[in-house]
Amino acid sequence: MKTLSLLAAITGALTMLSPAHAQQAAAWPDKPVRIIVPFAAGGSTDIVARKVAQRLGQLTNQPFVVENKPGAGGTLGAAYARGLPADGYSLFLGTVSTQSVAPFLYKTLPYDPLKDFRGLAMIASVPNVVVVNKNLKLHDLKGLIATARSKPGGLTYGSSGLGSSNHLATEALRASLDIPVTHVPYRGSGPALTDTMAGHVDFMLDVAMTSLPYIKRGDLNAVAVTSRQRLDVLPDVPTVAEQGFPDFEALGWFGLFAPAQTPEDVAGKIAGLVRQVVTEKDMTAYFEAQGATASGVTLKDFDDVVAADRAHWGKVAELAKIKPE
């Protein structure tokens, strides 16, 4: 009798939980949602997060609040986000740096990109542009190579931080060009780009969407893009491949993640909403104007893209002879 009573109690509890669980997804969001950005304000990741957050807020009538947690190539923000409640109200704007590159640059990470997060939706992909301080008067990779080899100690380059995708991509470029360089890590692409313009570092690889305005104003010289094809927004800037290095390619991406235990139905609802936002005509046009490509790939398909990207960056790390530190 006690066993039967216990089974009845469990069955009743499960019956009560099931509708409540369904109501949770149906009600989401009924309060503000946090989006953790693991880089400093003003950088590309921050810009993307705020653009998408604004539109999500308009569609749901709830604030989507961006919180910047920069440091260590985005890994500090990722570690912070992994410990937040898995209830759909704490999301993480992950990038190729945090989810694909970091495992090849750090011996130990304070989070597991695979186990601690579930992919919701890829927002956009974007190539890098090799930008140079204008006072160096360089306009192609040939000039960059000659200057690096003639300058004592070579050139200096900035990045979003140790372990960031543009750190690894620049090291791969260094290996391809066979030039001496010194890495200067920053807490985000914004500060690194500012110091490149000021001449505190000589060059950097920056995503097209943040460097584009400065290139067009003449504040930076663009010597190459890292995609296979030229960018429509920078038609006169040749690719790295065009300039004699056909195997080189480096693309970044932005995607929305949630803590791993976020319920399936809530994750599905968020993913669908993000896909709706990033595939809207105005949003697609916005990304195109920034040299980026809107995505909208969600859930399992997004996980597959990230897995393939991780394999690619593993090969890049091998090419650049990078050893985890």
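Leu105 is found in the loop between α4 (96-101) and β4 (117-133). The model is predicted. With a relative accessibility of 6%, Leu105 counts as buried, because buried means under 20% relative accessible area.

**Around Leu105**

- Leaving aside neighbours within four places in sequence, Leu105 is in contact with Gly163, Ser164, His167, Leu168, Ile322, Pro324 and Glu325.
- Leu105 and Ala169 are 64 residues apart in sequence, yet their C-alpha atoms are 12 Å apart in space.

- Helix α6 covers residues 165-177, which makes 13 residues.
- From its first C-alpha to its last, α6 reaches 18 Å, close to the 18 Å expected at 1.5 Å a residue.
- Ten of the 13 residues of α6 are buried, so this helix is largely enclosed by the rest of the structure.
- After α6 comes Asp178, which has a positive phi near 55°.
- Strands β5 (residues 155-159) and β6 (residues 181-185) pair in the parallel sense, over five bridges.
- Thr156 stands opposite Thr182 in β6.
- Together, β5, α6 and β6 make a right-handed β-α-β unit.

**Helix α8**

- Helix α8 spans residues 208-217, and its buried residues include Ala208, Met209, Thr210 and Ser211.
- Leu212 and Ile215 are buried in α8 too.
- An α-helix has 3.6 residues a turn, so residues three or four places apart point the same way.
- Gly218 follows α8 and has a positive phi, near 85°.

**Backbone angles in the loops**

- Most residues other than glycine have a negative phi, and most peptide bonds are trans.
- Trp28 and Pro29 are joined by a cis peptide bond, with omega about -5°.
- Pro29 lies in the loop between α1 (2-27) and β1 (33-37).
- Asn61 is not a glycine, but its phi is positive, about 60°.
- The loop that holds Asn61 runs between α2 (44-60) and β2 (64-68).
- Asn61 has a relative accessible area of 68% and is exposed, because exposed means over 50%.
- Ala72, another residue other than glycine, has a positive phi near 55°.
- Ala72 is located in the loop between β2 and α3 (75-82).
- At 35% relative accessibility, Ala72 counts as partly exposed.

**Around Glu249**

- Glu249 lies in the loop between β8 (220-225) and β9 (251-259).
- Its relative accessibility is 24%, so Glu249 counts as partly exposed.
- Not counting residues up to four places away in sequence, Glu249 touches Thr226, Ser227, Arg228 and His312.
- With one of these, Arg228, the contact is polar: the side chains of Glu249 and Arg228 meet at 3.4 Å.
- Glu249 and Thr262 are 13 residues apart in sequence, and their C-alpha atoms are 34 Å apart in space.

How values were computed
Residues are numbered from 1 along each chain as its sequence is written. This is a predicted model: local features need pLDDT of at least 70, side-chain atom pairs count only at pLDDT 80 or more; totals for chains, interfaces and linings use all residues. Side-chain values use heavy atoms; hydrogens and water are left out. Helices (H or I, at least four residues) and strands (E, at least two) are DSSP runs, numbered from the N terminus. Buried means under 20% relative accessible area, exposed over 50%, partly exposed in between (1.4 Å probe, protein chains only). Contact means heavy atoms within 4.5 Å. A polar contact is a pair of N or O atoms within 3.5 Å; within protein, one must be able to donate a hydrogen and the other to accept it, and residues adjacent in sequence count only if both atoms are side-chain atoms. The expected span of a helix is 1.5 Å times one less than its number of residues. Two strands pair if DSSP finds at least two bridges between them. A crossover is right-handed if, with the strands pointing away from the viewer, the path from the first strand over the helix to the second runs clockwise.
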